[in-house]
Amino acid sequence: TGNDRISSERYASARTMSGQSSEIMLEDGTKVVLNSRSQLIYPKKFSGDVREVFLTGEAVFDVAENKAKPFIVNVSDYSIEVLGTVFNISDYIDDDYSTLSLEQGRVKVNVPGMKPIYVEENQGIIYDKCSGTLEKINVDAYSAMLWSDGVMCFEGSDIYEIIKIAERTYGVKIICSDHSKYTNAKITARFEACGGVSSLLDVLQKLIPDMQYYQNDSIIYLK
């Protein structure tokens, strides 16, 4: 695996916990904003013909241009190769899908056993980890990156996707006891993450008929 090539002497690691984000400036001038429950492993100094990093979780990359040294981001099942661009990657271990959204530039996606796929501005990919299939799609890259400015953006999201993001953002556990009530609920909205989980849930109550919740410390029950 990629991590087998990593030694602590050459590489540094940045990790965020629930409810945290972190901005990292790499040695080449590339800026990385790391979302909650994420980890970036990167060289203390780039050497050789490529600039290579390893991501678990989600991050926005603003890659410093260097045509002589491509920038490569390795995630669990594929890698993204760029020269200089801005893009978002989400590749959490507990997600069934990995996604890429490109705001500027052009990237090459390398999946073992497949031909390289080239992605342009406001395009992205969805990689199905279970089936090993990849789909190129049109995306709103700006919205995909709003989390790095403290905004939670949902576009036709179901309650379970919202729960997963809220758990990562606020460090809580959300338990849904009546799944049938939320089966058809699709939410399109934006929230200021700084408002806290109760503010998010109060708005969801207005959008989803009969939604109720109560909180016991860090555990929230939807019913």
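**Notes on the model**

1. The protein chain exposes about 11,500 Å², of which carbon and sulfur atoms supply 47% (Shrake-Rupley method, 1.4 Å probe, with only the protein chains shown counting as cover for residues). This is a predicted model, in which local features need pLDDT of at least 70 and side-chain atom pairs count only at pLDDT 80 or more, while totals for chains, interfaces and linings use all residues. Residues are numbered from 1 along each chain as its sequence is written, and side-chain values use heavy atoms, with hydrogens and water left out.

2. Of the 223 residues of the protein chain, 43% are buried, that is, under 20% relative accessible area with a 1.4 Å probe, protein chains only.

3. The C-alpha trace spans about 60 × 35 × 30 Å along its principal axes.

4. The secondary structure comprises four helices and 18 strands, assigned as DSSP runs (H or I of at least four residues for helices, E of at least two for strands) and numbered from the N terminus.

5. Strand β12 (residues 123-128) pairs with strand β13 (residues 133-138) in the antiparallel sense over six bridges, where pairing requires at least two DSSP bridges. Asp128 has Thr133 of β13 as its bridge partner, and among the four residues between the strands of this hairpin, Gly132 takes a positive phi near 75°.

Note on methods: Buried means under 20% relative accessible area, exposed over 50%, partly exposed in between (1.4 Å probe, protein chains only).
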